[in-house]
Every structure is written in C-alpha cells, then in structure tokens.
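Let's take a friendly walk through a protein model, starting with a single side chain and then widening the view. Keep the structure open as you read.

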Amino acid sequence: MNNKMTTRYVLILYLLFASNLAFSQQTLNFVTLDDFAPFTWKEGGQAKGIDIEIVRELCFRLNVRCNITFLPWKRALARVESGSSDGAFSAFKTPERMAYSHFLDYPIHLSTYKIFVRKGREFPFTGYKDLYGKKFGKNLGFNTGEEFDTAVVKGRIHIEEANTA
C-alpha cells in the first residue's frame with residue numbers, strides 16, 4: 001500500500017442518466033464545499049474551480065440551468081439527502097450516500113490526501129497502521145476512505161472534526 005489515499009470524487013448528477021429533453025427548461029440546484037481549491041472556491045463572490053467549470057459545462061451541454069451554492073459539507077450532504085438540493089459534487093461515494101444519491105461511473109477528479117506534521121514530530125509512514133495512536137483534524141462530514149474511517153471507529157486513530165461554517 002502506498003502513502004497516497006486516492007479517492008474518486010464524483011458528481012451526484014441524476015440528470016446524466018436522463019434525456020436532454022426531460023430537463024431542457026429545468027433549473028437544478030447543486031451544493032458543494034467552499035474553499036476546496038483547486039476544485040471549488042469563491043473569488044470576488046463568484047464560484048471558481050475546475051469542478052465548477054465541469055458542472056457548468058455539463059449543464060450547458062444538456063441545456064439545463066444550474067445554480068451552485070456553497071455550504072459547509074455536512075449541511076450540503078443533508079440538503080441532498082432531504083431533497084432540498086438536486087445534487088452535490090466533489091463527494092466520496094459511500095454506502096450511506098448511495099442510499100439517497102446516484103453517482104457517475106467516472107469521477108470528476110481524483111484527489112490524493114497528504115498528511116503533514118509539525119517539524120520535529122515526523123514519523124515513518126508506509127500505511128494506515130503507522131497512523132494508529134495519532135490524532136488528526138478534518139472537516140466535519142468529510143470521508144477519508146473506508147480503511148481510515150474503520151480505524152477511527154475502532155479507536156485506533158483519533159479525529160477532531162472542525163465545522164467549516
């Protein structure tokens with residue numbers, strides 16, 4: 001196992017599974033995470049990032065209007081689950097999310113997570129077991145992969161979640 005935790009980020013767009021005509025005059029409301037450069041962020045009040053560009057291009061090609069709203073991640077997921085938003089993007093595909101979402105077969109982008117530590121606190125890393133007993137921070141609602149999350153549930157890795165609101 002290498003030290004890269006590569007994840008498939010996918011766009012939750014059920015519109016890709018329907019015909020262009022079915023949505024030709026519809027507006028879809030999407031949510032995503034702010035400040036997730038280079039994928040999504042706001043600059044001068046405008047949505048920016050490669051994922052934003054991809055979603056807008058998909059909507060354009062399908063002749064669908066789309067609104068994109070930035071929210072803290074856990075709230076974004078809750079809005080998709082409740083149906084108050086049509087979809088989200090830059091989301092891990094997990095069994096819990098598959099219960100209420102349709103995912104593309106191919107990701108919008110691939111991400112690699114990195115671990116960084118304070119100088120003088122370095123440690124060798126070859127796999128998840130090297131993280132046992134360590135404490136990490138992450139954004140509330142973020143999924144970091146099945147093996148990592150299992151180690152957290154079993155108390156082998158300690159997490160402090162920060163609210164991005």
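Is K135 buried or exposed? K135 counts as exposed, because its relative accessibility is 59%. Here, buried means under 20% relative accessible area, exposed means over 50%, and partly exposed lies in between, with a 1.4 Å probe and protein chains only.

Before we go on, a word on the model: it is predicted, so local features need pLDDT of at least 70 and side-chain atom pairs count only at pLDDT 80 or more, while totals for chains, interfaces and linings use all residues. Residues are numbered from 1 along each chain as its sequence is written, and side-chain values use heavy atoms, leaving out hydrogens and water.

**The whole protein**

The protein has four helices and nine strands. Both are DSSP runs numbered from the N terminus: helices are H or I with at least four residues, and strands are E with at least two. Read from the N terminus, the order of elements is β-β-β-β-α-β-α-β-α-β-β-α-β. Of the 165 residues, 38% count as buried. The accessible surface is about 10,200 Å², and 50% of that belongs to carbon and sulfur atoms; such areas come from the Shrake-Rupley method with a 1.4 Å probe, and for residues only the protein chains shown count as cover.

How do parts of the chain meet? A contact means heavy atoms within 4.5 Å. Among contacts with a separation of 6 or more, 65% are between residues 24 or more positions apart.

**Salt bridges**

Side chains of opposite charge can pair when their charged atoms come close. A salt bridge is counted when a side-chain nitrogen of Lys or Arg is within 4 Å of a carboxyl oxygen of Asp or Glu. The whole structure holds three salt bridges.

| Salt bridge | N to O distance |
|---|---|
| E57 and R61 | 2.7 Å |
| E160 and K135 | 2.9 Å |
| E161 and K138 | 3.9 Å |

Take E57 and R61. They are separated by about one helical turn, because they sit four residues apart in helix α1 (residues 50-61). E57 is partly exposed at 35% relative accessibility, whereas R61 is exposed at 62%.

Now return to K135, whose side chain meets that of E160 in a salt bridge. This pair links distant parts of the chain, with E160 in strand β9 (residues 158-162) and K135 in strand β8, 25 residues apart. E160 counts as partly exposed, at 46%.

E161 is partly exposed, with a relative accessible area of 41%, but K138 counts as buried at 16%.

**Two loop residues**

Which loop holds T40? T40 is in the loop between β2 (27-33) and β3 (41-43). T40 counts as buried because its relative accessibility is 0%. The T40 side chain reaches the backbone oxygen of L33 at 2.4 Å. Leaving aside neighbours within four places in sequence, T40 touches several residues, including T32, D51, F70 and F89.

K129 lies in the loop between β7 (109-113) and β8 (135-139). K129 counts as exposed, at 67% relative accessibility. K129 and A151 are 22 residues apart in sequence, and their C-alpha atoms are 8.7 Å apart in space.

Key:
Polar contact = N/O pair within 3.5 Å; in protein donor to acceptor, adjacent residues only side chain to side chain.
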